[in-house]
Amino acid sequence: MHALLRPAGSAPAPATLAQPAVPPRPATPAQPAVPPLSTARTTTATAVRRLAPALVLPLVLVACGSDQPETAPATPTPGTAEVSAGTNAARDELAGLAAAAQDRHLVAAYVLRAPEVPDRTVVVTSANDGSWRVDVPGGALGGTTDVSFAATADGLFQCTLPSATRPEPPACVRLGDRDDAVPRRLDPRVQHPFTDWLDVLTDRRSPLAVSPAQPPPGAAGTCYSVETTSASITAPLDPGIYCYDADGTPTAVRTALGTLLLTGTPAPAPASVQLPGPVVEAEPLPLATPEPTVSPETS
């Protein structure tokens with residue numbers, strides 16, 4: 001009957017297609033339980049507190065460091081560099097002149113000028129064999145006795161010299177070996193600029209500060225101011241002014257002792273130094289006058 005009611009010429013209704021089977025959805029894994037909101041806030045705050053020092057400390061250090069001005073490397077000024085170079089040059093020049101003085105063999109006279117003391121003539125002999133002798137007027141017993149110090153192959157000697165106040169014949173006392181030092185109680189220090197202090201001036205390891213200096217009045221040659229830089233009580237030499245001729249001849253020395261000035265032209269050196277008198281068994285004469293001994297009163 002429905003077929004009769006369908007209009008003529010219309011196509012028959014399409015057949016209904018079977019739908020494909022839908023596979024079942026896989027089971028969703030269980031999600032972790034979400035903590036309550038209050039617990040999450042507490043955990044986050046704790047983590048922040050633990051990380052705060054680690055985060056803040058670098059910031060503090062950076063802030064502090066940024067406040068410090070950058071220090072530029074020190075640059076020597078031209079004046080400082082020139083002074084240093086001049087000082088080193090003076091040290092080298094003096095060492096060279098002192099080395100020449102060690103090789104300079106002569107007989108020379110020097111006037112010794114000291115405050116409140118009459119001028120005296122010191123005679124220096126530097127022999128060709130390396131022996132030496134320095135005659136020092138007033139070099140013992142408080143300036144009342146003339147003495148000579150000499151170093152030969154036989155040793156180091158102190159010799160008495162005849163004078164108006166002590167007319168006895170000369171005699172010598174052996175003080176030690178040739179390279180020994182004169183004992184301090186006997187030492188007039190006049191001989192040092194011509195002997196062992198030359199070793200100090202030539203040794204560039206010596207604690208010295210050297211600079212050019214003006215010659216003392218009446219002096220000739222090239223002069224240098226020499227100061228010791230050691231804190232030791234015993235200085236390697238006396239600070240002062242040391243002057244030399246171009247050939248190494250000492251022309252002047254000014255120290256606390258006084259001023260030595262070369263007089264005249266040095267004479268040729270002998271082959272060896274001769275002692276002024278025989279060697280005797282006796283006590284050397286001290287630099288100062290001994291204190292008088294007081295004998296006990298007799299009853």
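Buried means under 20% relative accessible area, exposed over 50%, and partly exposed in between (1.4 Å probe, protein chains only). This is a predicted model, in which local features need pLDDT of at least 70, side-chain atom pairs count only at pLDDT 80 or more, and totals for chains, interfaces and linings use all residues. Residues are numbered from 1 along each chain as its sequence is written, and side-chain values use heavy atoms, with hydrogens and water left out.

**Exercise 1.** Describe the disulfide of C159 and C172.

Solution. Step 1: the sulfur atoms of C159 and C172 lie 2.0 Å apart. Step 2: the pair links distant parts of the chain, 13 residues apart, with C159 in strand 5 (residues 155–161) and C172 in strand 6 (residues 171–176). Strands (E, at least two residues) are DSSP runs, numbered from the N terminus. Step 3: the S-S torsion is about 110 degrees, so this disulfide is right-handed. Step 4: C159 is buried because its relative accessible area is 0%, and C172 is buried with a value of 0%.

**Exercise 2.** Is C223, in the disulfide with C243, buried or exposed?

Solution. Step 1: C223 and C243 are joined, S to S 2.0 Å. Step 2: this pair also links distant parts of the chain, C223 in strand 8 (residues 222–228) and C243 in strand 9 (residues 240–244), 20 residues apart. Step 3: C223 is buried, as is C243.

Conventions. Disulfide = S-S within 2.5 Å. Helix = DSSP H or I, 4+ residues; strand = E, 2+ residues; numbered from the N terminus.
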